[in-house]
Amino acid sequence: MSTYKDIGVEKVGHVGTIEIRRPPLNFFDISLINQIADALDEFDRDIEIRASVLSAQGKAFCAGANFGDPARQAQEAREAEKKGDPADNLGPINHLYIQAVRIFRAKKPIVAAVQGAAIGGGLGLAVSADFRVTCPEARFSANFTKLGFHPGFGLTVTLPELIGKNNAELMFYTSRRVTGEEAVKWGLANELVPQDQVKAGAMKLAAEIAECSPLGLLSTRATMRANLADRVMAATNHELAEQTRLRATEDFKEGVKATEERRTANFKGR
């Protein structure tokens with residue numbers, strides 16, 4: 001297994017494991033999503049690996065992007081410039097979504113171990129997996145509208161398919177936090193276990209998957225997720241356009257500030 005800066009990667013029997021190591025909140029950026037995509041590519045090339053587990057150290061599974069961190073914004077801008085891509089003028093979010101689509105193109109089943117908060121784009125990352133094992137303490141939130149923002153990471157495609165259009169609308173329009181118990185009831189998560197057993201539960205499910213025929217798994221998953229990555233790519237193109245437009249508004253600045261200050265935002269609609 002290769003060595004990565006912000007993730008730990010191992011192989012346990014026929015299961016590959018990826019652990020996000022940016023505790024306590026595991027905020028993501030282009031680099032982290034790229035590392036996860038690279039690790040999944042590595043798993044796809046390893047004939048011995050049949051399924052994978054995506055987990056995280058710390059308090060949160062992934063709290064999404066840290067919009068209040070100027071250092072993150074500067075670093076993402078530098079990384080975007082290095083790409084030399086014609087789409088550079090769309091900014092760092094575009095490059096993050098390019099890497100995100102790579103995750104959806106992974107060929108083998110992924111089980112996410114959601115032991116804490118999966119917020120915003122972190123929810124999108126959790127939903128990119130085939131299955132989620134979680135606990136009562138976990139929280140799932142598409143908090144984009146509370147930021148004065150538009151959903152991203154392909155959630156406008158993946159979330160309605162997972163929990164139904166109306167439940168997805170409820171999460172989008174309210175930005176509410178859904179508990180682990182609610183997540184299982186809605187189909188947002190598959191299994192509920194005690195918090196200290198989340199990763200073990202995910203490993204158990206991945207091992208169960210890995211007992212099956214690798215060729216049968218690849219074939220069946222390709223059928224079940226047919227065109228998903230392409231649909232996510234189309235969705236992120238639209239999401240990006242809306243996010244780019246809304247980032248320039250006063251409401252977005254107020255939403256980010258209110259979130260940092262843990263207060264209700266005073267939106268003005270401009």
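Guide: A residue is buried under 20% relative accessible area, exposed over 50%, and partly exposed in between (1.4 Å probe, protein chains only); the areas come from the Shrake-Rupley method. The model is predicted, so local features need pLDDT of at least 70 and side-chain atom pairs pLDDT 80 or more, whereas totals for chains, interfaces and linings use all residues. Residues are numbered from 1 along each chain as its sequence is written, and side-chain values use heavy atoms, with hydrogens and water left out.

Visitor: Why is Arg21 called partly exposed?

Guide: The relative accessible area of Arg21 is 39%.

Visitor: Where does Arg21 lie, and which residues does Arg21 touch?

Guide: Arg21 is in the loop between β2 (15–20) and α1 (30–45), where helices (H or I, at least four residues) and strands (E, at least two) are DSSP runs numbered from the N terminus. Residues up to four places away in sequence being set aside, Arg21 touches Asp6, Ile7, Gly8, Asn26 and Gln57; contact means heavy atoms within 4.5 Å. From Arg21 to Leu123, 102 residues apart in sequence, the C-alpha to C-alpha distance is 17 Å.

Visitor: What makes Gly58 partly exposed?

Guide: Gly58 has a relative accessible area of 42%, which places this residue in the partly exposed class. Gly58 belongs to the loop between β3 (51–56) and α2 (70–83). Beyond neighbours within four places in sequence, Gly58 is in contact with Pro23, Pro24 and Gln115. The C-alpha atoms of Gly58 and Pro24 are 4.3 Å apart, although 34 residues separate the two along the chain.

Visitor: How do you know that the side chains of Arg105 and Asp230 meet in a salt bridge?

Guide: A salt bridge requires a side-chain nitrogen of Lys or Arg within 4 Å of a carboxyl oxygen of Asp or Glu. For Arg105 and Asp230 the N to O distance is 2.9 Å, so the pair qualifies. Arg105 lies in the loop between α3 (92–104) and β4 (110–114) and Asp230 in helix α10 (residues 228–247), so the bridge ties together parts 125 residues apart in sequence. Both partners are partly exposed, Arg105 at 42% and Asp230 at 36%.

Visitor: What other salt bridges does the structure hold?

Guide: The structure holds 16 salt bridges. Among them, Arg245 and Glu242 meet at 2.7 Å, N to O; these residues are three apart in helix α10, which means a separation of about one helical turn. Glu250 and Arg270 meet at 3.1 Å. This pair links helix α11 (residues 250–261), which holds Glu250, to Arg270 in the segment after α11, 20 residues apart. Glu250 is partly exposed at 46%, whereas Arg270 is exposed at 52%. Asp6, Arg22 and Asp29 are linked in a network of salt bridges.

Visitor: Which residues form the positive surface patch?

Guide: Lys59, Lys146, Arg177 and Arg262 form this patch. Patch members have over 30% relative accessible area and no salt bridge, with like charges joined within 9 Å. Arg177, in the loop between α6 (165–174) and β8 (178–179), is exposed at 53%.

Visitor: Which residues gather in the patch of negative charge?

Guide: Glu137, Glu181, Glu182 and Asp196 gather there, on the surface. Glu137 lies in the loop between β6 (131–134) and β7 (139–141).

Conventions. Patch = residues over 30% accessible without salt bridge, like charges linked within 9 Å, V, L, I, M, F, W, Y side chains within 5 Å. Areas by Shrake-Rupley, 256 points an atom, 1.4 Å probe, with all protein chains shown as cover. Lys, Arg positive; Asp, Glu negative; His and termini not counted. Charge placed at Lys NZ, Arg CZ, Asp CG, Glu CD.
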